[in-house]
Structures are given as structure tokens and as C-alpha cells.
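Please look through the sequence and the model before reading on.

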Amino acid sequence: MRTDPVTLRVLENHAQAVAESMAYTLFRTAHSTFVKETEDFTTGLTTPAGMTFASPRDLGATWFIGLDYAGVIGAIEDYEEGDICVTNDPYSGYVCTHTPDMHIWKPIFWEGRIVAFAVGHIHNTDMGGAVPASLSRANTEVHQEGIRFRPTKLVSRGVMNEQLLETMLLNVRMPEQNRGDLNAQIAAVNTGEAKMHEMIAKFGVEVVEAGIEDLLDTGEARSRDVLSRLPDGEYRFVDYLDEDAPGGVPVRLELALRIRGDGAELDFTGSDPQLQSALNMPTGGNSRHILLMVGWNYCLYTLDPSIPLNGGLLRPAECIVPEGSVLNPVHPAAVGMRSLTCGRLQGVLMGAFHAAAPDRLPVGAAGGGGIVNVKTFDIATGRMAMASIDPVVGGAGGSARGDGTDGSGANSGFLKNTPVEINEVEVPIRIRRYGLVQDSGGAGLARGGLATELELEIFAPDTVVTARNRDRTVFAAWGGQGGGAGAPSTFTKIAPDGIRTDLGNTDVVRLEPGEIINLTSGGGAGWGFAHERDAVLVARDVARGAVSIEEASLRYGVVLEPDGRIDLNATDHQREKMARTARMSPPSTYTYNAGRMAFEAIWTDANYAALSTALARVPVPWRHYVKRRVFAHVAQLSERQRSGDGRDVEAAIALAVAAMPQLAEHLPEYAPSRDAAE
Amino acid sequence: MSYRVGVDIGGTFADFCAVDEATGEIGTVKVLTTPDRPGQEVIDGLGALHERLGIAPSDISYFTHGTTVGVNALIMRKGIRLALFTTENFVDVLELARLKMPDPYDLLSARPEPLVTRDLVFGVRERLDAQGGIVTPLDRDSVIAAAEAALARGAEGVVLSFLHAYRNPDHEAKAAEILAEAFPDLHVFCSHRIRPIIREYERTSTAVIHGYVQPRVSSYLGALQEALGGIGVKAAPMVTKSNGGIMSAELGKSACVEMLLSGTAAGVMGAAYVAEECGAGRVLSLDVGGTSADVAIIRDGRPGFGSAETVGDFPIYVPTVSVTSIGEGGGSIARLDAAGLLAVGPDSAGSQPGPAAYGRGGTQATITDAFVASGLIDLGALGYGMVALDADRARAAIAPLAEGLGRSVEETAEGIVGVAVSGMYREVSKLCSRRGVDVRDFSLLAFGGGGPMLAGFLARELGMAEVIVPPAPGVLSALGGLTAEVRNDFTAVAYYDLASENMGDLAACVKRLAETARHWIVEEQRHEGEAVYQAVAEMRYRGQSFEIDVPLDAAALEAGDPGPLAAAFHAEHHRLYGHADPEAPIQIIAVNMIVTGHAPRPPLPRSGEVVRDVAPDRALSVHLDGARREIAFYRRDALTAGARFECPCVVAQDDTTVIVPPGFSGRVDTFGNLILTRERPDAH
């Protein structure tokens with residue numbers, strides 16, 4: 001290290017002060033309610049090469065620690081003082097990850113030399129395109145997701161490119177908001193530049209430059225230190241999205257985490273092909289792309305909350321992401337809903353890391369409810385009313401440290417809800433129920449966090465309820481060390497006559513007066529054997545309504561009297577029985593729910609591997625189509641016809657190749673042999 | 001003879017400030033707090049006043065007091081066993097809170113356990129809509145059933161918090177009646193009476209905090225009234241409030257939620273008073289105690305106000321003087337973190353065991369120890385001789401860190417101060433960006449036991465041009481309570497557009513609140529002087545989710561003209577956020593009425609400035625700015641109005657030590673404030 005440990009801490013505080021002042025300036029001056037409510041923005045400072053070395057801790061999005069701006073910084077030929085650059089193109093440099101995110105960067109000069117960049121982004125409510133807010137799972141090409149700008153100078157030597165601005169404003173649905181938010185971003189990077197200049201004036205440019213590198217090196221060293229305390233090995237984990245497009249088939253996300261000493265390789269081979277929907281994550285195959293690394297940051301920070309959150313944290317990692325996959329799509333795949341995929345992928349990293357540190361990291365978090373918005377007609381004001389009602393996310397997974405938090409937590413811990421009273425004043429709906437769901441947390445020595453439930457009644461025709469990121473009706477949160485899986489999520493429509501319709505993973509519903517929807521997230525999963533949970537805690541869960549008296553007996557083996565007292569004899573007896581059963585089955589790292597086990601009975605690892613291997617050789621635009629054909633074929637097989645060893649898939653691919661001879665040159669071994677043809 | 005006496009109770013000391021009504025002269029006394037016997041320190045202190053300053057209890061004409069009983073009960077979770085009744089199907093309001101976790105980067109982050117756990121939360125059958133209309137009438141049987149279940153689980157009190165009670169309080173009021181009739185011994189609290197704000201979690205949390213501590217605070221105030229009467233204090237005691245005002249202790253018994261943050265608020269009011277008197281228009285106040293540093297922005301003698309604060313683990317929504325708390329105080333502990341970097345705080349040695357130099361069993365190096373080891377606190381005693389300082393212990397506590405860093409003890413001590421100051425720099429920078437102010441235009445007003453030690457260093461770091469140290473910085477909170485006005489705030493939810501058709505409703509609402517406020521100040525508070533009524537609207541553009549306060553122009557209200565009100569909102573929005581949208585519709589979310597009863601404030605004593613250079617008492621050998629050097633040492637009582645003194649220097653006084661690092665020139669103004677001026681202020 002070039003910098004002594006006292007000066008480095010002082011420099012760190014000053015750098016954080018710059019990044020945080022930028023964040024508060026942006027937050028204070030931003031126009032849109034979306035930015036104020038969701039805090040979906042970032043600010044920060046990067047090295048001249050683009051690596052983030054300071055990000056705010058208490059304001060803004062949590063996903064972008066260590067975002068590398070190199071891809072866009074290098075796209076501009078030369079920089080001059082007073083320049084400000086922007087881009088929102090997910091395919092130019094792979095910094096922006098979907099079109100609503102407008103990224104901005106400004107070079108900070110000192111004596112004619114660039115010493116840092118002030119950077120950041122805002123999620124704009126709308127960037128134009130096929131649907132309001134620019135995001136829809138059903139989009140198939142990035143062109144439907146709004147107007148895009150390559151890395152461009154928005155301001156050259158202090159002069160605004162008005163034509164560029166005009167073009168943007170013409171193409172978006174709420175131009176005054178975009179304009180206002182862009183001004184807030186400009187104010188933020190200008191604040192960053194001014195405060196960085198103050199810092200350099202105070203400490204000297206050499207000290208600051210050396211300090212920046214040392215901060216990143218410290219982040220790296222601390223990160224390597226955390227990794228080196230984990231046992232070496234390969235930790236494989238798989239999880240799924242329920243649907244690859246509206247009404248579709250599952251998406252597999254697979255990771256082999258190889259921890260070697262103080263470094264790690266993250267191999268995502270085996271994950272689904274690029275999709276004909278907006279669930280793709282644009283990473284450009286960058287071996288430390290931030291969307292691949294969100295779960296990494298969460299896990300390392302959880303293992304040691306004293307590590308500095310900067311780009312050095314990512315350096316020990318090396319990702320392998322095959323091109324043309326859902327985690328590395330090629331242009332022009334749609335990417336708008338990458339947040340759903342990214343959220344699940346965080347869980348995949350948490351799963352792999354859990355195996356490496358089962359007593360220090362939690363099991364699966366709930367997820368799946370969706371972020372609920374309502375658009376309806378307000379007869380009292382004669383206006384359309386639109387509001388973001390609530391994120392319905394459910395609880396965290398249990399861990400050796402204790403129960404999962406109820407109703408939110410783990411990697412959803414950054415979300416905020418809207419008060420029931422505000423929702424009912426703003427939108428003419430009635431919220432009939434908002435709370436936690438009994439028995440939804442996976443049973444365990446540490447109980448999974450409970451699911452959240454939201455029930456609304458609609459009073460106007462043509463009301464549209466959207467539930468962005470709906471998922472987890474099939475694949476629920478995974479338990480570990482003997483703990484049970486969480487409950488799956490549900491979505492139900494209740495007609496005025498009481499008839500209930502299961503809406504599954506639907507994310508857009510049109511409703512009529514008197515109709516009710518009930519939405520529950522999944523529950524968090526349990527950790528450790530439920531029959532080993534302290535009976536007093538089980539009785540407390542029953543008293544608090546988290547667990548029913550029936551489930552206490554069935555899942556925890558704790559028999560309670562109607563007044564809540566523990567029946568010690570019956571409990572001992574029942575728990576002994578459960579312990580015996582547990583001893584008979586081999587110990588396993590993970591526990592899955594019925595929906596997942598049913599799916600994997602058909603889609604075994606061997607079958608999925610056969611599919612992934614074959615699809616990797618099919619031209620990218622064909623992959624999703626071929627996947628669907630194979631799924632359709634396998635779905636027709638009876639249990640007797642299925643082998644589960646890969647041949648189910650091979651047969652299906654052979655049929656596909658027979659029907660589409662263009663594929664034969666890519667998959668020659670599946671081509672019908674001449675003999676057979678004759 | 002008659003004296004006004006103000007008391008502020010802190011973590012270690014209770015500070016007493018007595019003002020002679022005839023001369024304005026100020027006398028101060030400090031005693032140790034008695035956390036096990038709340039109130040005893042008050043009696044002890046009055047005894048000390050009598051003994052040392054000759055002020056008999058019967059000479060006391062006016063008595064104000066800031067109590068910490070409520071906040072301590074909350075932090076130590078020693079309130080009553082409370083149940084919560086909510087609208088059925090919404091019983092998880094405290095569990096869900098606003099969802100966001102304290103540290104969203106930590107997968108194991110958890111919200112603190114609510115004050116009322118779910119086994120004591122019961123749903124009641126009733127439902128109002130957003131307009132206050134009845135969807136489901138209140139079901140008496142479900143109230144009784146809930147109460148019986150709560151009592152079976154040992155509840156001593158019940159908070160009623162029903163949806164939309166801010167709009168229509170009938171259901172809560174009826175349920176309270178039912179409970180009073182059926183269970184007369186139960187404490188019952190209605191959310192709409194504590195603070196009728198929209199947002200069920202915030203209203204419920206505020207009501208729960210109130211119910212949790214109210215019986216404790218009430219019995220404390222009763223006992224205190226009795227004890228004061230017993231020793232012959234004739235003046236009816238007043239208590240300080242979080243809003244910077246005061247009220248009678250009698251009213252405080254039922255309004256304790258309004259007092260929880262009174263300690264920090266009184267300090268800011270004291271600072272504001274000093275700033276106003278000495279004509280400092282823009283001031284950043286810095287109050288450093290044992291565990292934290294509190295900073296506030298004061299303009300023209302007025303602090304900012306807000307209503308969303310945190311007490312202990314929970315949000316509380318009552319009008320409060322805006323203060324930003326930084327986790328660095330004199331007792332903050334220095335350590336080497338896992339990366340080998342020097343870190344200061346947030347752990348604190350607090351007042352027990354306190355810094356190592358206090359010799360009370362503390363062994364870890366604190367900020368105070370760093371100053372002691374550098375030779376910058378040399379009086380040998382702090383707090384009127386109640387704490388003896390031991391430099392050897394301070395050095396011994398720092399030695400392991402010095403070894404880890406490969407530096408001398410002095411260099412390490414300096415590093416501790418530098419790291420602490422850079423942490424404060426970070427937090428103050430955030431505060432200024434949030435408010436859109438340039439701190440270089442402000443003076444730093446330092447008080448509390450630690451403020452005058454750190455202020456010079458912080459002012460240099462922030463590029464501020466001036467530091468002000470009042471004559472008795474250790475007791476400014478006590479003075480703040482003494483100079484405070486009677487003050488109360490009333491609120492009503494409006495939630496309609498600012499438009500001609502709603503002006504009638506708005507005027508009626510203001511009138512109603514004014515009548516409530518008048519009743520409070522005249523009939524309940526029995527204030528005899530002049531009273532001022534200020535109506536303020538919480539407004540926003542439609543679609544925004546945050547409000548800003550805009551004073552309501554009485555003439556426009558009278559005339560039913562929304563124009564001037566809209567113009568005032570646009571202007572305030574522009575001032576705060578840098579932009580406004582004159583075309584956009586404006587909503588009024590709530591109307592607040594602030595009533596203040598002016599009390600005669602003692603003018604700060606001033607004396608003629610005799611401009612002169614004062615020679616130091618002696619030279620002090622210290623480690624400062626990277627070198628061992630001889631600097632000037634003064635006693636504060638030698639620095640009277642008009643004095644100019646050498647800098648750098650150390651100024652010792654009974655309640656604190658002022659450290660002036662290189663880069664300042666020093667003088668004393670007519671009020672006896674030390675004015676430290678940067679010799680070369682940072683350019684903008």
C-alpha cells in the first residue's frame with residue numbers, strides 16, 4: 001500500500017462524502033416521484049479507467065457496487081473539461097442494463113489530467129417504446145424498449161447538445177420528468193467534480209490518486225481474505241424462473257462456483273439460452289459484469305459486514321457466461337425485465353455460497369409476489385388514477401443466526417411499501433387485507449420468513465393491475481440443512497359471485513367492478529431440522545400467529561394444548577419419531593418444494609444438460625424456439641416413456657432437426673441418417 | 001432575588017443553568033446523573049445551587065427541565081406491557097413497518113422486534129374508507145374479546161389504531177369508551193389523539209411509543225412536582241419538548257411523546273439563542289457529547305423543523321427540531337479494523353466506563369483519550385472537578401493501536417482525531433447536500449462537553465471561516481430550555497387540491513385548529529402573555545410522495561384566493577429543490593397550527609469590550625498538526641469581552657476545554673463568546 005492506514009481512512013471518508021453528496025444532491029433535485037420513492041438511482045466516483053471506488057451507503061440502489069464504466073468511457077474519443085456523457089443503450093459497452101437507466105459520466109480534471117470520473121444513473125419512468133414505462137416481459141427486441149443513445153457527449157465543454165436532448169424528449173411519454181431528472185443527474189456530477197477538486201486541493205493530487213488505488217486494493221484484499229476462509233471446492237446450484245415468457249416454460253439458471261484459495265470462478269454454463277422475451281440480462285460476457293455479481297456482493301458483505309463496498313470486491317471473481325444465453329444475450333434481444341432474472345440469479349449465488357458457508361449464510365429468500373401497480377378510473381375526480389401499490393416480496397430464509405425476517409428481507413431488503421391509507425386516498429380501490437401469511441415460512445431450526453399477502457377490491461371497469469416480477473408459483477424458496485422449502489406464491493381472482501380463478505404468474509390483469517385479487521408472495525425457506533427447533537420458540541410462533549397449532553405438531557413435532565402450553569410428553573414422542581426418520585435419509589445441503597421436485601423428475605440434470613449442450617450449437621435466434629419444441633415434446637411423454645437420462649431430450653431434438661433440416665448442419669449427429677431416410 | 005433555573009439531564013451529568021432575573025448574569029452547576037433514581041439529580045443540583053451560588057429553592061421564579069425518563073424507558077425497553085388493537089386483517093402493521101431493512105446490503109439484516117409483538121396485537125371488526133365513511137361498523141363484541149385476550153396475556157395498556165382514524169376518529173373514540181367502561185384500570189391510547197397523521201405505520205408507531213412510556217413519564221413528573229414543592233420551589237415546573245418549546249409538567253404527563261427528543265432540541269434552541277443575540281445569521285451548531293455529535297442548521301436564530309425522527313429503533317412523527325446525529329462523541333472508541341485501517345466509533349465507552357483517562361475502568365482508546373494523550377486537555381479535571389483525568393491511562397489505551405500502526409502514541413492520537421473529524425466531515429457534507437446549503441457560508445457554534453475540543457479541527461476540514469464558543473458551552477441545553485417559548489403543534493389531514501372550491505374547507509380547518517390551539521395555551525397551559533398562531537400547510541405537487549411546509553397567508557385564506565398560497569408553494573419548492581412547475585396541480589396533505597406563547601427571555605449578559613491582547617497563563621507542550629510544539633494556555637475566565645488571544649491555544653474552563661488548532665486568530669465578543677476566525681478561509 002502506498003498510503004498509510006490513517007490517511008487512507010481519512011481519504012475514504014472524504015471520497016464517501018463526495019459520492020454521498022452527489023446522491024443527496026440528485027435526490028433533492030430529482031423531478032420524478034419514481035426516483036424519490038424507489039431510490040432507483042446511483043451516484044459514484046470511478047478511476048480514470050472506470051472502476052467505481054466510492055458509492056453512497058445510505059441512499060440509492062444496492063445493485064451497482066463496483067460497476068465498471070470502462071466499456072462506455074472508452075467509447076468516447078477524447079475528453080475535455082466540462083464534458084458530460086450519457087448512454088442508455090444496453091448493448092454499448094454493457095454498463096447500462098436496460099433502456100430506462102440513463103447513465104451519466106463526467107471527467108474530473110486536475111492540471112490537465114483526468115484523475116477520476118463522477119458517474120451515476122437514474123431509472124427514468126419511461127424511455128418510449130412499445131409500452132408505457134418501456135418494460136414488458138412480452139417484448140422481444142430491444143427496439144421495442146424505447147429510444148437509445150450510444151455513449152455520447154450530452155455536454156461538450158459546458159455546452160449542452162440541445163438537439164440530442166430534443167430528440168430524447170420527443171420520443172418519451174413524460175418528457176418533463178426525463179428533463180427534470182437529467183438536470184438532477186447533471187447537478188450530481190457537477191457536485192462530484194467540485195467536491196473532488198476540494199479534496200485534491202486539501203490532500204494533493206498524488207496522495208488522492210494513490211489513495212484511490214489503495215482503496216480498491218483494500219477492497220480486493222478484504223474480499224480475498226473472506227474467500228480464503230471458505231473451503232475450496234466446487235459448489236453447484238440451480239434455480240429456475242417459472243416462465244420464460246408470458247405463459248411459458250421454466251428458465252434454468254445454473255452456477256458452478258469454484259472457490260480456489262482466495263479467488264473464485266463462477267461458471268454459468270448450463271443456464272438457459274437467450275429468450276424471445278425481455279428476461280435476458282445484457283452482460284456482454286464481461287467476466288465481472290455487475291448483474292452477475294450482485295449476489296456476490298451480498299454474500300461477501302454478509303460474511304463480513306466490515307468489508308468496504310467498492311470495485312475491489314469483485315476482483316477475485318472470474319465469470320464464465322456463454323454467449324447467446326439468457327445471461328449473455330446478443331443484440332437485439334429484449335432486456336427490459338432483467339430485474340426478475342437478476343433477482344433470481346442473486347438467489348443462485350446465495351445458494352452456491354450457502355453450501356460453502358452453511359452456518360453463516362441464509363437459505364432461500366421468498367420472492368415472487370410482484371411489484372403491484374394499479375391503473376383505474378376515479379369517478380370522484382373524473383381522472384385516471386395510477387399508483388404503485390406495494391412490492392409483495394415475502395420473507396428471508398432462515399440461517400444459523402436465526403429466523404428469516406417476515407414479509408421482506410435478504411436481497412429484497414432495499415424495497416419500501418406504500419401505506420394502505422395513502423393507497424386508498426390516491427386510488428379508488430379498497431385494500432381488504434395486507435399482512436403476513438401463517439404457515440408460509442419453511443419449517444426449520446430457524447424458521448423461514450413469512451410470505452406477504454395483499455388483497456384488493458376494484459370498483460371501476462377496465463382497471464388494470466400489473467404485478468411486475470411475478471414468479472415462484474412453481475419453484476419456491478429452497479431450504480437447507482434439513483429445513484423445509486418456503487410456500488409457493490399465489491395469485492387469485494375472486495369474482496363477485498365468489499368464483500376463484502388461479503392467475504398463476506400472470507403479471508397484467510384487467511378487472512371489472514366488484515372483482516377482488518389476492519396475491520401472496522412465496523415464503524422464505526427454513527434452515528436446519530424443524531424438530532430441533534426450541535419448542536418454546538415454536539409455541540411463541542403459535543402465540544404470534546406465525547405458525548398454526550396444526551403445523552406446529554405436523555412440521556415441528558411440538559404438541560400444544562389449546563391454551564398454548566407445550567404438551568411435553570407428546571412433543572418428545574413426536575420429535576423422537578421425526579428424528580428417526582431424518583436419520584434414515586442421507587443428509588442433503590438443499591431441500592426443494594413439490595413443484596420443483598415434480599419438474600426435475602422430468603427435467604433431470606441429464607435431460608437439461610443434453611438440451612443446453614445442443615442449444616449452444618444452434619444459431620442464437622433459433623435457440624428459444626427449439627427449446628420450446630423440445631419442452632413440448634417432453635411434456636407429451638408418459639411416465640413410462642421417460643428415461644430421464646438425456647435420451648428424452650435427444651429424441652425430441654432429433655424430431656426437431658427432422659422437421660427443420662436447416663438445423664442439421666449445426667447438429668449433424670441428430671440428422672436422420674441416410675439409411676433411415678431410405 | 002429571583003432566578004430562572006434550567007436543567008438538562010445527559011448521560012453522565014445533569015447541567016444546571018441559573019439566570020439572575022435582575023442582572024441577566026448566568027451561574028452554572030453540574031452534578032452526576034442518578035439513572036437508578038430518576039429525579040434525584042434534580043434535587044442534588046438544586047442543593048448544589050444553594051450551596052455554591054447561594055440560590056435558595058424559594059428564590060426560583062421559573063423552572064424548566066428536560067427529562068430523559070421516557071427515552072430511557074424506550075431504549076432500555078422498560079415501558080409497560082402494551083397491546084395494540086388494529087382494524088381486522090391489518091394486524092401486521094408493526095411487523096411489516098415500511099419493509100426496508102436497516103442494512104439492505106446484509107442478507108441477515110433484521111428489523112428490531114416491535115414494542116408490541118404479534119401475540120399482543122388484535123384485530124377489531126370495523127372499517128372506515130379513505131373519506132372517513134363507515135364500511136363496517138365498529139363491532140363492540142370484537143373490542144371486548146380483544147381486550148379480554150389482551151388482559152389474559154398480561155397487557156397493562158392498549159393502543160387503538162384503526163385505518164383512516166386521522167379522517168374520522170369515531171371508531172377509535174367509541175372503542176376507547178367501551179374499554180373505559182368495561183376495564184376502567186386499563187390505560188387506553190387512541191392514535192388519532194396522539195398525532196392524527198395519515199400513514200398507518202407512522203401513526204401507529206408514534207402512538208405505541210407514547211403508550212409504552214406514558215405511565216412511566218407521568219409518574220416521574222408527578223413525583224418531581226412533589227419533590228420540588230417539598231424543598232420549597234414555588235414555580236410550577238415546565239418541561240422541554242422535542243419541538244424546541246416548553247409546556248407545563250402537568251400537561252407533560254399526558255403528552256410525553258412530545259418530549260422524547262427534548263434534550264437535543266433544547267441544545268439547538270440554546271445555540272439558536274446565542275447565535276441570534278450575537279448576530280450570527282448562518283450557524284451550524286455542533287453539540288458533542290459522550291456517544292454522538294449532533295449538528296443542526298440555524299438561520300437567523302431559527303432552527304429547522306421536521307416531523308419524522310427516530311427514537312431508539314423506531315420512527316416517531318411529532319414536530320421536532322431538525323438535528324443530524326453522528327455516531328462520534330468524546331467516548332467513541334478507536335480501533336484497527338480488519339483491513340488494518342484506523343476506525344473511530346460507532347462503539348462508545350459512553351459515560352460508563354467512559355474514556356480510559358477517566359480512570360473508571362475504561363481501557364479502550366477514545367477520542368477524549370486522544371486529546372489527553374496529545375497534551376491538549378491539561379486541566380487535570382473535567383466537569384467541575386468531578387472527573388479527574390489520567391494521561392498515563394490514556395496513553396496506555398492508545399499504545400496497542402500505536403504499535404499496530406507502527407507510529408508513536410502522539411501520532412496515533414492525532415490520527416484518531418483526524419479520522420473522527422473526517423467522519424464528521426462526511427456526515428455534514430451529506431446534510432448540506434440534502435439541504436442545498438454551502439457550509440462555507442456558515443459559522444460553527446460549538447457546545448456540549450466535546451464540541452469545543454473538535455470544532456476547530458472540523459471547521460478547517462469543512463472550510464468554514466468562523467467558530468463561536470459560548471461562555472458556558474457545557475450547559476447550553478439547560479440555557480436553551482430556559483429561553484424557550486411555550487409551544488405546541490396541532491395537525492389535521494386535508495388531502496385535497498389547492499383550488500378555489502376547497503378554500504372554504506381549508507379556512508374552516510385553520511379556524512378549527514386555531515380554536516384548539518387557543519384552548520390549549522389559554523385554558524390548559526394557562527399562559528398569560530401574548531400568543532402567536534401560525535398556520536402551515538404541508539403541500540406537494542399531485543403525484544409526489546413527500547410534502548413541504550408552506551406558511552398560509554391569512555389574507556389569502558380570508559379572501560378564499562388560492563393564488564398567493566400556490567405562489568408561496570412554488571417559491572419554496574424552487575428554493576429547496578432548484579425547480580418548480582407553476583402549471584402543475586398542488587395538493588394540501590395536512591394543515592398544521594403552531595402556537596407559541598412568548599415568555600420574557602433573559603437577555604444574555606454583555607459587557608463593554610476593552611480591546612486588548614491577553615497574555616497566556618502559561619505555555620503548554622502539545623502534539624499538534626504533526627509536531628511537538630509549545631502553545632498558549634488560557635483560563636477561560638481571563639478571556640473577557642474584547643480580549644484578543646494567541647492561537648493556537650488551549651482554553652480551559654469548568655465544563656469543557658476549547659482547543660484552537662493552528663490557522664485561527666482569536667478574540668472575545670461582547671457576550672463573552674470566543675470568536676475564532678480562520679486566517680485564510682478556503683476560497684469558494
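## Annotated spans and domains

A UniProt annotation from an unreviewed entry, "domain: Hydantoinase/oxoprolinase N-terminal", covers residues 4–181 of chain B. The model discussed here is a predicted one. In it, residues 4–181 of chain B are 28% helix and 27% strand, and 44 Å lie between the end C-alpha atoms. Another annotation, also from an unreviewed UniProt entry, reads "domain: Acetophenone carboxylase-like C-terminal" and covers residues 505–671 of chain B. For residues 505–671 of chain B the content is 25% helix and 37% strand, with the end C-alpha atoms 49 Å apart.

Chain A has a domain assignment too: domain 1 spans 5–218, domain 2 spans 362–588 and domain 3 spans 603–677. Taken over C-alpha atoms, the centres of domain 1 and domain 2 of chain A are separated by 37 Å.

## A sheet in chain B

Chain B contains an open sheet of 4 strands, in the order 6-5-9-10, with parallel pairing. Its edge strands are strand 6 (121–124) and strand 10 (187–190) of chain B, each of which pairs on one side only. From one strand to the next, the twist averages 25°.

Strand 5 (residues 82–87) of chain B runs parallel to strand 6 of chain B, and 4 bridges join the two. F122(B), in strand 6 of chain B, stands opposite F85(B). Helix 4 (residues 140–152) of chain B packs on the sheet and touches strand 5, strand 6 and strand 9 (157–161) of chain B. The direction of helix 4 makes about 170° with that of strand 6 of chain B. Helix 5 (residues 170–182) of chain B lies across strand 5, strand 6, strand 9 and strand 10 of chain B. Helix 5 runs at about 175° to strand 10 of chain B.

## Where the chains meet

In the contact between the chains, 57 residues of chain B meet 63 residues of chain A. On the chain B side, helix 3 (93–96), helix 7 (200–231), strand 22 (342–348) and helix 12 (409–435) each supply at least two residues. Helix 12 of chain B gives the most, with 11 residues. By type, the residues on the side of chain B that touches chain A are 25 nonpolar, 17 polar and 15 charged.

## Backbone exceptions

Most residues other than glycine have a negative phi, and most peptide bonds are trans.

| Site | Feature | Value |
|---|---|---|
| H331(A) and P332(A) | cis peptide bond | omega about 5° |
| G345(B) and P346(B) | cis peptide bond | omega about 0° |
| R472(A) | positive phi | near 70° |
| R77(B) | positive phi | about 55° |

P332(A) is placed in the loop between strand 11 (317–320) and helix 8 (338–356) of chain A. P346(B), in contrast, is in strand 22 of chain B.

R472(A) belongs to the loop between strand 16 (463–468) and strand 17 (479–480) of chain A. R77(B) is in the loop between helix 2 (69–75) and strand 5 of chain B. Is R472(A) buried or exposed? R472(A) counts as buried because it has 32 C-beta neighbours inside 10 Å, and 20 or more are needed for that label. R77(B) has 12 other C-beta atoms within 10 Å, so R77(B) is exposed; the limit for that label is 12 or fewer.

Note on methods: Residues numbered from 1 in each chain as written. Chains lettered and ligands numbered in written order. Predicted model: local features only at pLDDT ≥ 70, side-chain atom pairs only at ≥ 80, totals over all residues. Contact = placed C-beta atoms within 7 Å. Nonpolar A, V, L, I, M, F, W, Y, C, P; charged D, E, K, R; others polar. UniProt positions renumbered as here; feature names shortened; annotations may be inferred. Domains from an automatic or database assignment. Pairing = 2+ DSSP bridges. Axes fitted to C-alpha atoms, helices over the stretch in contact; angles between N-to-C directions.
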